[in-house]
Amino acid sequence: MTIRTATTRWTGDLRSGTGHVTFVSSGAGEFDVTFPSRTESPDGKTSPEELIAAAHSSCLAMNLSGVLAKENLVADAIDVRAEVTLGPATGGGLEISGIAITLRATVDGVDADAFAELAKTAERTCPVSKALAGTTITLDAALA
């Protein structure tokens, strides 16, 4: 199995400090993070929640493709949107209070009900969904 690595270097305090995230394994990018851009306007910076949304949406798209393949189906297109909500936690601090997934796909040879079941299977078996099992995840899946 593979291991993927990202690093973050943070300098300063929480409110005025800055961080720099590097995708080490792939070399795909480096991204700045700040607390204000996490909780207010992004201002051109990413956040842990946006990175989770990217991980979740890409993982689910790939996983659905695999679930469809087991049924001898191939999607013409799979579009997944993941919206990660950050809010106040009970007792203080912050928490990810939910992830809303919107999934649309164009797949010949399957009806809407069968597709909905396949999409549920894909979400349930998605490695990122499993990693986020402590968070409420909603799925709105439909054929496009």
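Ground rules, briefly. Residues are numbered from 1 along each chain as its sequence is written, and side-chain values use heavy atoms, with hydrogens and water left out. Because the model is predicted, local features need pLDDT of at least 70 and side-chain atom pairs count only at pLDDT 80 or more, while totals for chains, interfaces and linings use all residues.

Terms next. Helices (H or I, at least four residues) and strands (E, at least two) are DSSP runs, numbered from the N terminus. Two strands pair if DSSP finds at least two bridges between them.

Start with the sheet in the order 1-2-3. It is open, has 3 strands, and the pairing is antiparallel. Strand 1 (6-11) and strand 3 are the edges; each has a single partner strand, so one side of each has no neighbour in the sheet. On average, neighbouring strands here are turned by 20° against each other, direction ignored. A word on angles: axes are lines fitted to C-alpha atoms, for helices over the stretch in contact, and angles run from 0 to 180 degrees between N-to-C directions.

Strand 1 and strand 2 are joined by 6 bridges. Strand 2 (residues 18-23) and strand 3 (residues 30-33) pair over 4 bridges, again in the antiparallel sense. Look at His20. Arg9 stands opposite His20, and in strand 3 the bridge partner of His20 is Asp32. The hairpin of strand 2 and strand 3 has 6 residues between the strands, and there Gly27 takes a positive phi near 65°.

Buried or exposed? Thr34 counts as buried, at 14% relative accessibility. The cut-offs: buried is under 20% relative accessible area, exposed is over 50%, partly exposed is in between, with a 1.4 Å probe and protein chains only. The side chains of Thr34 and Ser37 make a polar contact of 2.7 Å. That term means a pair of N or O atoms within 3.5 Å; within protein, one must be able to donate a hydrogen and the other to accept it, and residues adjacent in sequence count only if both atoms are side-chain atoms. Not counting residues up to four places away in sequence, Thr34 touches Trp10, Gly17, Thr18 and Lys45. Contact means heavy atoms within 4.5 Å.

Strand 4 pairs with strand 5 (residues 94-107) in the antiparallel sense, over 13 bridges. Within that pairing, Val84 has Ile99 as its bridge partner in strand 5.

At 6% relative accessibility, Glu49 counts as buried. Leaving aside neighbours within four places in sequence, Glu49 contacts Arg38, Val84, Leu86 and Ile96.

On to helix 3 (residues 112-125). At its start, a side-chain oxygen of Asp111 reaches to within 3.2 Å of the backbone nitrogen of Asp113. Which residues of helix 3 are buried? They are Phe115, Leu118, Ala119, Ala122 and Glu123.

Last, two backbone angles. Most residues other than glycine have a negative phi. Asp43, in the loop between helix 1 and helix 2, has a positive phi of about 50°. Asp43 is exposed, with a relative accessible area of 59%. Asn72, in the loop between helix 2 and strand 4, has a positive phi of about 60°. At 73% relative accessibility, Asn72 counts as exposed.
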